[in-house]
Amino acid sequence: MNAAGPLPVIDVSALTGPGTGPGNGPEAGHARAEVARRIEAACLDSGFFYITGHGVPQALISELRDAADRFFRLPEEHKSRISMDRGGRAWRGYFPVGGELTSGRPDLKEGLYFGAELEPDDPRPLHGPNLFPEEVPELGPAVLAYMDALTHVGQAVMRGVALSLGLDEDYFAAGYTATPTTLFRIFHYPSPPYADPEEWGVGEHTDYGLLTLLLQDDNPGLQVHTSRGWIEAPPIPGTLVCNIGDMLDKLTGGLYRSTPHRVRNATGRSRLSFPFFFDPGWDCEVPPLPSLPAREGGRPRWDGLDLRAFTGTYGDYLTAKVAKVFPGLGCRVLPPSSGARENV
Ligand SMILES: O=C(O)CCC(=O)C(=O)O
Ligand SMILES: [Fe+2]
């Protein structure tokens, strides 16, 4: 592991607080511009940074962690009462260790998948009601409150991203994220022996959407593939790790790269992590931003994929990705005629 310098920590409170509206004075605008400059530097470098000043109450974070910890300590037969098989096309619920294949191999993690709470008859794949455990009744309310809080953080960071790209601060909120796709997962990485060096908690991958906002417990494990090599992104109390996903890469024509990362829990303890995905609306197509100069080439992606070649909606992209990491579920979420699978 290359011990290159740590990732930047950016205080985003200027983006979450009162904005540049009438009566707020020029200072608010200056503060936002400064945060945007730091976000730009981080996105041009590794695409990964920590944020502070996000405004998510510590009490809510503690409630969520405690409830998740209680859930993963339940016996397997209780956890599997909300198994993903029961969530169907909504892609919700619990999956056991080895149940997800991020890099074509089973991950050494178990987890819970959540999303916006919707009706069972929602026609879109990956949309519908959540499956919450009866054994831990406090988990459901904590998840929904946390997703709500993180949606605000996502909008705030995207204001900074917009400013960093020379766009109006509400550029994304007025379009791509007017109705964002929001997904939330809780992962538990047991502390396995890792006899095989090719075994990972989460295999190397990039994230699919615009931004990922990751809450970690006290245990390290996340590794990021920067241009200087693999570095660790250990937990820093009070922060969230923020990284950009494939859709922001695609929108910026590769100017902001979505960076591969992976997880190995070698602490000897259990590790919990809470990634929240803040993504474009389901029906949005995501061509390069018209305001940016067209860019040719650039370094090849880790997986050889050319994001510019994909032309469908974000919903198409996400559904095809999910079909790959959960092959059993894929046949249920992807219509047989979908061509998206081949392109992603
Ligand atoms: O668990 C982590 O620290 C990261 C998880 C991750 O990369 C993901 O869910 O996309
Ligand atoms: Fe990820």
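**Exercise 1.** Into how many nonpolar, polar and charged residues does the shell around ligand 1 divide?

*Solution.* The structure is a predicted model, and the work begins with the list of residues that surround ligand 1, namely Arg185, Phe187, Val202, Asp207, Thr212, Leu214, Gln216, Leu222, His261, Val263, Ser273 and Pro275. The elements that contribute two or more residues to this shell are β5 (181–189), β7 (211–216), β11 (261–263) and β12 (271–279). Sorting the shell residues by class then gives six that are nonpolar, four that are polar and two that are charged.

**Exercise 2.** Find which element gives the most to the shell around ligand 1.

*Solution.* Start from the elements with two or more residues in the shell, among them β7 (211–216) and β12 (271–279).

**Exercise 3.** Locate Trp91, describe its phi, and decide whether Trp91 is buried or exposed.

*Solution.* Trp91 sits in the loop that runs between α5 (84–87) and β3 (93–95). Most residues other than glycine have a negative phi. The phi of Trp91, however, is positive, near 60 degrees.

**Exercise 4.** Carry out the corresponding steps for Leu126.

*Solution.* Leu126 is placed in the loop between β4 (110–115) and α6 (139–164). Although Leu126 is not a glycine, its phi is positive, at about 65 degrees. Leu126 counts as buried because it has 22 C-beta neighbours inside 10 Å.

Conventions: Residues are numbered from 1 along each chain as its sequence is written. Chains are lettered from A and ligands numbered from 1 in the order in which they are written. This is a predicted model: local features need pLDDT of at least 70, side-chain atom pairs count only at pLDDT 80 or more; totals for chains, interfaces and linings use all residues. A residue is near a molecule or strand if its C-beta atom, placed from the backbone, lies within 6 Å of it. Helices (H or I, at least four residues) and strands (E, at least two) are DSSP runs, numbered from the N terminus. Ala, Val, Leu, Ile, Met, Phe, Trp, Tyr, Cys and Pro count as nonpolar, Asp, Glu, Lys and Arg as charged, and the others, Gly among them, as polar. A residue is buried if 20 or more other C-beta atoms lie within 10 Å of its own, exposed if 12 or fewer, and partly exposed in between; C-beta atoms are placed from the backbone.
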